Amino acid sequence: TPVIGVLALQGDVREHLIALAAADAVARPVRRPEELAEVDGLVIPGGESTTISKLAALFGMLEPLRERVRAGLPVYGTCAGLIMLADKILDPRSGQETIGGIEMIVRRNAYGRQNESFEATVEVAGVGPVEGVFIRAPWVESVGAETEVLAEHGGHIVAVRQNNALATSFHPELTGDHRMHALFVDMVRAAS
Ligand code: GLN
């Protein structure tokens, strides 16, 4: 059984731990480099990407995260987690850093005030229709040649994969539908 960590600096950690357990993984929170070293895969939750970035730096996690992702650790980022996996943010707050791993440019809070939070059915390649919960969500403005687009909504990219890195603008951990987590657990199994 794969052991999958959830980066537990800020955000909806608990919901991911529950979803991963439901998808037959052993799930545990990860805050320190020693804990990161022990997992076969890592989820980066939704929350606030500037805060996660600052806490990752403060906890000495930014470089260890970058190194392990570069070395092929399977990672799955939702919403703020997607932002953390982007090689580039279009409109970063000052001092905002990312881990990187997916060749893409993301736009934070892309849906604007009128539509800050909403739900929509999203067709995810290889998974099927998924109920997408978008909360002050980013979208992916553009992707590199190696990045696979898994879903679009309203003409914008909202789910991507590049090698061992998976990311969604929306929050499958909030719906009770564990297919996205199951897809990630399969990626972790295939990589271990
Ligand atoms: N708007 C948040 C950010 O920029 C993301 C929101 C979320 O994770 N639900 O980090």
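The UniProt record, an unreviewed entry, places the feature "active site" at Cys79, His171 and Glu173; such positions are given in the numbering used here, feature names are shortened, and annotations may be inferred rather than shown by experiment. These residues span 95 residues in sequence, yet no two of their C-alpha atoms are more than 10.9 Å apart, so they gather at one spot. The model is predicted: local features need pLDDT of at least 70, side-chain atom pairs count only at pLDDT 80 or more, and totals for chains, interfaces and linings use all residues. Residues are numbered from 1 along each chain as its sequence is written.

Cys79 sits in the loop between strand S4 (75–78) and helix H5 (80–84); helices (H or I, at least four residues) and strands (E, at least two) are DSSP runs, numbered from the N terminus. Cys79 is buried, with 29 other C-beta atoms within 10 Å; the term buried requires 20 or more such atoms, C-beta atoms being placed from the backbone. Residues up to four places away in sequence aside, Cys79 touches Gly46, Ile135, Ala137, Pro138, Ser169, Phe170 and His171, where contact means C-beta atoms, placed from the backbone, within 7 Å.

Glu173 belongs to the loop between strand S12 (165–168) and H6. This glutamate is also buried, with 31 other C-beta atoms within 10 Å. Beyond neighbours within four places in sequence, Glu173 is in contact with Asp12, Glu15, His16, Ala19 and Thr78.

Note on methods
Buried ≥ 20, exposed ≤ 12 C-beta atoms within 10 Å, placed from the backbone. Contact = placed C-beta atoms within 7 Å.
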